[in-house]
Amino acid sequence: MKSDKKKIAVIGLGYVGLPLAVEFGKYHSVVGFDIDKKRINELKSSNDVTGELLSNEIAASNNLKFSYNEKDLAAVDIFIITVPTDIDKSKRPNLKPLESASALVGKYIKNDGIVIFESTVYPGCTEEECIPIIEEISKLKCNKDFSCGYSPERIVPGDKSKSFKDILKITSGSNKKAAKEIDELYSSIICAGTYRAPSIKVAEAAKIIENTQRDVNIALMNELAIIFEKVGIDTNEVLDAAATKWNFTKYFPGLVGGHCISVDPYYLYHKALELGYYPEVIASGRRVNNYMGIHVGQKTIKLLLEKNKDLSNLKILILGFAFKENCGDIRNTGVISIYDELCSFGVNVKVYDPIINKDEATKNYKVNFLKSTPAKNSYDAIILAVPHKILIERGIDGIKKYGKKNAILFDVKSAFPKKYSNARL
């Protein structure tokens, strides 16, 4: 396929869509589309507030045009949908962004057009939910008038060691011709190569079990951490000992948040229930991981009470609020459950994170964020929840200086040696 002569649109310019649009824009004619006008105007100035791409990286994409005007999609041949797939308050899949994007494509897709989905979904979603919307609006039929495919995103926000070009890409198509063309398209920009899945459903399932597997494995470590705490031994010391066996897989306990691992299992859970099966392991893993922030909060309060502290006069500092270290993404952060649990005891809680966008965080969460470095000798307890590099570089003395004399330190992810903290998972 001479894809360089075909115009591509990447719909949704978040952590996934922007790097994809920028890379395609080096070799193909691309429209980077998003309904967020503010986001588009920032990107036109080569400014990525997510921090995933530098200004010069965006500017280097010579054939990329950013737009919030849907009329710019009229000349597009290949649509790639990278909108978020979240869950609602009841933990059910929220497909509204995906449905809206599908409807948008339906307005502009032409004969021989191709639409590719990258958003994480349950097996069957692309063909059962999205394609019918495109067909209804376009009055075209899939595999007769246009083709579709699924190529799951594998970007890891905050991880600069591997860009998406360096991660092998799964591709699939609704027919053999589309599967070949889509695979060739991604092969033109992915250095690590591609893997052509036999069907769209297989590609969808492959993606969703990547994160479900991690969720379940971390849940096991979290449950073990609670058990070992009650036994009176350190989880990390147990893992070090167990890892001396060659076939032991080393996972670590911790908070599980973000837009992938804490969300994707619910999509598979939802699909299983539709099929009449209750997924015991997936459900229990989610319950354990959702509980860990509560556990950290309760353990901190317990340690303070053991020191005969009056809760009404206590001040607690949480360091880090993003869902993972060295990343400014606050979506579904597990830290909020620590904060809420501590607040339920009536203590004064402050949060400091030097990486996140404070305005965005304040808009999305009812949290007392510090806008500047915490005051010294001010807190009865410090919870190092997210060990950003910028925080760890301050050293253990730099962390402890925020606390009063004999303040409690809860090192959630064991960023420092055991001897420096009162508790860790």
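Let me begin with a pair of charged side chains: aspartate 88 forms a salt bridge with arginine 92, and the closest N and O atoms of the two are 3.4 Å apart. Please keep in mind throughout that what we are looking at is a predicted model. Aspartate 88 is partly exposed, with a relative accessible area of 28%, and arginine 92 is likewise classed as partly exposed, with a value of 48%.

Staying with salt bridges, the count for this model comes to 26, and I would like to take you through two others. In helix 6, which covers residues 176–187, lysine 177 and glutamate 181 lie four residues apart, about one turn of the helix. These two residues form a salt bridge in which the closest N and O atoms are 2.8 Å apart. Which of the two partners is buried, and which is exposed? Lysine 177 counts as exposed, because its relative accessibility of 58% is over the 50% cut-off, whereas glutamate 181, at 15%, counts as buried, because that value is under 20%.

The other example joins aspartate 329 to arginine 331, with the closest N and O atoms 2.7 Å apart. Here aspartate 329 is buried, with a relative accessible area of 3%, while arginine 331, at 30% relative accessibility, counts as partly exposed. Beyond such pairs, there is also a network, in which salt bridges that share partners join Glu128, Lys201, Lys271 and Glu274.

Let me turn now to the spaces in the model, starting with the second largest pocket, which holds about 830 Å³ of space. Of the 34 residues that line this pocket, the closest to its centre are Val156, Arg214, Ile261, Phe323 and Lys324. Which helix gives the most to that lining? The answer is helix 7, residues 200–231, which contributes five residues. Sorted by class, the lining of this pocket has 18 nonpolar, six polar and 10 charged residues.

As for cavities, the structure holds two of 30 Å³ or more. The largest cavity, with about 70 Å³ of space, is lined by residues that include Val16, Leu20, Phe164 and Ile167, and also Glu118, Glu153, Arg154 and Lys169. By class, that lining has five nonpolar and four charged residues, with no polar ones.

In the second largest cavity there is about 40 Å³ of space, and among the residues that line it are Leu304, Asp380, Asn406 and Ile408. Strand 14, residues 403–411, gives the most to this lining, with five residues. The classes here come to three nonpolar, one polar and five charged residues.

Moving out to the surface, Ile227, Val231 and Ile233 form a nonpolar patch, and together they have about 260 Å² of accessible area. Isoleucine 233 itself is found in the loop between helix 7 and helix 8, the latter being residues 235–242. With a relative accessible area of 42%, isoleucine 233 is partly exposed.

How far is the C-alpha atom of glutamate 127 from that of alanine 361? The two residues are 234 residues apart along the chain, and their C-alpha atoms are separated by 36 Å.

Definitions and conventions: Residues are numbered from 1 along each chain as its sequence is written. This is a predicted model: local features need pLDDT of at least 70, side-chain atom pairs count only at pLDDT 80 or more; totals for chains, interfaces and linings use all residues. Side-chain values use heavy atoms; hydrogens and water are left out. On a 1 Å grid over the protein atoms alone, a cavity is a set of points where a 1.4 Å probe fits but cannot get out, and a pocket is an open set with protein on both sides within 12 Å along at least five of seven lines; lining residues have an atom within 4 Å of a point. Grid points are joined across faces, edges and corners, and a volume is the space filled by probe spheres set on the points. Helices (H or I, at least four residues) and strands (E, at least two) are DSSP runs, numbered from the N terminus. Ala, Val, Leu, Ile, Met, Phe, Trp, Tyr, Cys and Pro count as nonpolar, Asp, Glu, Lys and Arg as charged, and the others, Gly among them, as polar. Patches are made of residues with over 30% relative accessible area and no salt bridge: like charges are joined within 9 Å, nonpolar side chains (Val, Leu, Ile, Met, Phe, Trp, Tyr) within 5 Å. Accessible areas come from the Shrake-Rupley method with a 1.4 Å probe; for residues, only the protein chains shown count as cover. A salt bridge is a side-chain nitrogen of Lys or Arg within 4 Å of a carboxyl oxygen of Asp or Glu. Buried means under 20% relative accessible area, exposed over 50%, partly exposed in between (1.4 Å probe, protein chains only).
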